[in-house]
Every structure is written in C-alpha cells, then in structure tokens.
Amino acid sequence: FDFIPIIELENTKVNAIVDVIGVVLNVSPVNTILQKNGMETQKQTAELWDSSGRTVTMTLWGSFCGREGKVLKEACDSDTGKTLILAVKSGRVSEFSGKSIGTISTTQLLVNPDIPEAKRLKLSFESTIDNGDMALTHQSLSQEGGSHTSPEIRKSISQIKGEGLGRSGRADWIVVKATISFIKTDKFCYPACPLHTGGKQCNRKVVKQSDGTWHCDHCVQSMAECEHRYLLSLQIEDHTGVTWVTAFQEAGEEIIGLSATELYFLKEEDDIQFNNTIRRLLFTPKLFKLKVREETYNNEISVKCTVIKAQKLVFEEEMKVLVGTIGRLSKEHY
C-alpha cells in the first residue's frame, strides 16, 4: 500500500489510481442499475473517514458488492460499536458531485486489515469520538457541487433562520439532531433514466410511452424499465422549531431503509404496509447532515435545506459529544 490522506484527493487528478484507508461510517444498500450498453450491474457506496478530518464516498461496482460490500453492510448494520476499517488498493478517482473513489478490475479491498496504518487510524477515530469532536472535523469531498471548506457543526433548527444560514452567497453545512414529524407521500420519487454514459448515470426524468416503454429525451433512447429515484420532502423538528428538508436518492434510502423503486411498488401493491413503513419512521431521533443554501425559483428567493446524510442516533456517542461540548463551554466560561 502507498496510502494518501483523504484530504489530498481534493487536488488529485481524475482517473488517478490511489491507495486510501479509512473508517467506514456507513454503507448503502446494493442497487441494480442499467448501463448504457443495456447490461445490468450492481452499485454500492461506503463513506470513509480518516484522521485528516475528511470523508470520501467509495463506490463498489459489480462483484465487489457481493463480496466486500456484503461484509461491510452486515458489519455496519450489526450495531456492535466496533470500528470498521477499509483499505483500498488501486481505487480510481472520479469527480461527480465532488471527488470520490471507485473500484476497477484491479482494485483490492481489505476489511479490517492487520496492518499498522489500520491500528493507528482506529486509535485516531476512537480518540476523536471520545473527545466529542466528530461533528467538528467531519467534512466530505463527495458532496454536491464539490468539496467545501465550512466545517459541519451542530446547530438547532431555530439557528438556521436566526443566524441567516445559507444566505452568505455560499452553502452552510451543518448537523442537526432532530426527528421526522411528517413525510409527504403523494410524490416521493420520480421515474429516472438508468443508462450510463462515461461512468455516470443519466438520472433524468423519463416518460412512459403508449407501448409501456420509458423514453429519455436526453439519451434519446427507450428502455423496458426505469429506475425510481427519491425526491423526498419531509418535516423535521427539534426542541427549537420545525423546518422542511429535501432528501434525494442516497439520503432517501438511509431514511426509508428501502430503495425508491421498492417503496414505489409497495405503495402500488400494499397500501397498508406502505403506511406502516412510513409511520415507523416518525419521531425517531436522527442526526441530519444538511446543506443549507439560498436558491431562486420563479424569481423568488428562499433557503433550501438538503439532507446529505441521515444517521441513526448512537446514544453512547451522543453522550460523548455532550461531554465534549460541556468541557469546551466550561473552559470558555472560566
């Protein structure tokens, strides 16, 4: 291995082959997607953190999903509290919604490798958690619009408006501890084009034709099946207030626990089970990582909050964050 810090990926050329090692923060479900050549493949993503204080999205393609991806997903969902390390040999750098890494045929993935770098990273991560600094040092290179320099800090919902977040001409990245109080279920997804060009999925809205096929005006192709993608509108609240947020594909899967296609057909086939699925999501505390930005639509300016991540609250870690906050406030006061 010739590991480079995740922070260095920000200035690494696209298509460069690199070795990285990181703590696995979360793993997405496996998605089956249709490539432009008409062949299906599997895709799965994992978020990696290292001691440079940055995270990056690692995309697993094809057989990697059924091997290392399955191990990672099962370990992340087991709630054992153990730190999970992934070493990546020969990953390819890409630039789509910021920098990310993807597997190629020569990539090697090692889960919890017995190497000195993994041991040092494990100690660094656990020390960061113990000190309650995770929310302050966690910045992603794989967000929409590229990397950002503003640290993701804890805020309350009332502070979004009270501090004028997102109105400075740039996006603000914050973490809010809140619960979901309402989810709009009339239009929670849209039919998207599953075709790929240059390694990127089209994702534009497709239209159903009279013969039952779906047509994409951008790709100028028709296909037998489309892929439904999340466009969730939900209301979250904490002890200070309520706000509306939007969750797209990956964040929607984290919130719902199902792909948009699965939820779409569940609503079509079993309305009772669909309603129960939505109801179970309400009033459960989560950590919402939000991108807050001012946008203009129909000549009207408003602040939009987009969910980047929606993570289950780990109470042991929350206690450590609170202890760290109390410690810092005590030092400032005295």
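This is a predicted model: local features need pLDDT of at least 70, side-chain atom pairs count only at pLDDT 80 or more; totals for chains, interfaces and linings use all residues.
How many aromatic pairs does a search of the whole structure find? The search returns five aromatic pairs.

1. Aromatic pair. The class follows because planes under 30 degrees apart count as stacked.

2. Phe3 counts as buried because its relative accessibility is 19%, and the limit for buried is under 20%. Phe1 has 43% relative accessibility and therefore counts as partly exposed.

3. Charges over rings. Arg67 is placed over the face of Phe64, at 5.0 Å from the ring centre. Lys184 has its charged end over the ring of Trp244, and the distance to the centre of that ring is 5.0 Å.

4. Ala260, position and burial. Ala260 belongs to helix H6, which covers residues 260-269. With a relative accessibility of 0%, Ala260 counts as buried.

5. Ala260, contacts. Leaving aside residues up to four places away in sequence, Ala260 touches Phe188, Cys189, His228, Arg229, Tyr230 and Gln249.

6. Ala260 and Leu232. These two residues are separated by 28 residues in sequence. In space, the C-alpha to C-alpha distance between Ala260 and Leu232 is 9.6 Å.

Methods:
Residues are numbered from 1 along each chain as its sequence is written. Side-chain values use heavy atoms; hydrogens and water are left out. Rings of Phe, Tyr and Trp (its six-membered ring) pair if their centres lie within 6.5 Å; planes under 30 degrees apart count as stacked, over 60 as edge-to-face and the rest as tilted. Buried means under 20% relative accessible area, exposed over 50%, partly exposed in between (1.4 Å probe, protein chains only). A charge sits over a ring if NZ of Lys or CZ of Arg is within 6 Å of the ring centre and within 35 degrees of the ring normal. Helices (H or I, at least four residues) and strands (E, at least two) are DSSP runs, numbered from the N terminus. Contact means heavy atoms within 4.5 Å.
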